[in-house]
Amino acid sequence: MQTVLNIGALLIILGIIGSIIPAMPGPVLSFAGIVLLFFVKDPGTVSVWAVVIFGVSLILIILAEYLSPLLGAKLTGSSKKGMYGAVLGAITGIFFLPPMGIFIGGLAGAILGEYFTKKGLMESLKAGMGIVLAGVVILTAQVVYSVAAAIYYFTKLT
């Protein structure tokens, strides 16, 4: 049982690190640590509701991560071409420029999409910066999630 708890603690710590490093699925690792804790600790120590809340939050963070290029472009007044460019750029960036490709590709895609709608360079850059801002917000949410999972995990160990 102690070995499983040690593995869970390692997952929690890797979850925090992975929240900062885009190539690692930080929140997923943190959630895996919470699930291990749920199954190993005495019944009633870890609330089922806590596991459900962490699980639903994880799903929302994952959805937001993939939608952030689109949302960032939309919030800064991007055209449809700019939003499509952001999504295509982010997808392309994931494969060609890991780990930061989702941000770099989304930025480049939004700028190019806006530029092809005959907007000026400054308007195109504004749309691209919306994507970078959305990425920073998602990164912050992932770190907060993983730290909250770590706090929950280590308080339940005692």
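I began with a crossing: α4 passes α5 right-handed. (Right-handed means the near helix is turned clockwise from the far one by less than a right angle, left-handed anticlockwise.) Helices here are DSSP runs of H or I, at least four residues long, and strands are E runs of at least two, numbered from the N terminus. I note that this is a predicted model: local features need pLDDT of at least 70, side-chain atom pairs count only at pLDDT 80 or more, and totals for chains, interfaces and linings use all residues. Residues are numbered from 1 along each chain as its sequence is written, and side-chain values use heavy atoms, with hydrogens and water left out.

Next I looked up the geometry. The axes of α4 (residues 80–96) and α5 (residues 101–115) come within 6 Å and cross at roughly 150°. That makes α4 roughly antiparallel to α5 (angles over 145 degrees count as such). Axes are lines fitted to C-alpha atoms over the stretch in contact, and angles run from 0 to 180 degrees between N-to-C directions.

Which residues make the contact? From α4 they are K81, G82, G85, A86, G89, A90, G93 and I94. From α5 they are G101, I102, G105, G106, G109, A110, G113 and E114. Contact means heavy atoms within 4.5 Å. By class I have five nonpolar, nine polar and two charged residues; Gly counts as polar.

**Cores**

I then checked the nonpolar cores, which are sets of buried Ala, Val, Leu, Ile, Met, Phe, Trp, Tyr and Cys joined through side-chain atoms within 4.5 Å. Buried means under 20% relative accessible area and exposed over 50%, with a 1.4 Å probe and protein chains only.

The largest core has 18 residues. Those with the most contacts inside it are I12, F31, I34, F54, Y145, Y152 and Y153. Helices α1 (2–20), α2 (26–40), α3 (48–75) and α6 (121–157) each supply at least two of its residues. I followed Y153: leaving aside neighbours within four places in sequence, Y153 touches L5, G8, A9, I12, G33, I34 and L37. A second, separate core has five residues, including A73, M83, A86 and I131.

**One exposed Phe**

Is F96 buried or exposed? F96 lies in α4 and counts as exposed, at 65% relative accessibility. F96 and L67 are 29 residues apart in sequence and 19 Å apart C-alpha to C-alpha.

**Whole chain**

I counted six helices and zero strands. The C-alpha trace spans about 65 × 25 × 15 Å along its principal axes. Of the 158 residues, 40% count as buried.

How values were computed
Parallel < 35°, antiparallel > 145°, perpendicular 65-115°, else oblique.
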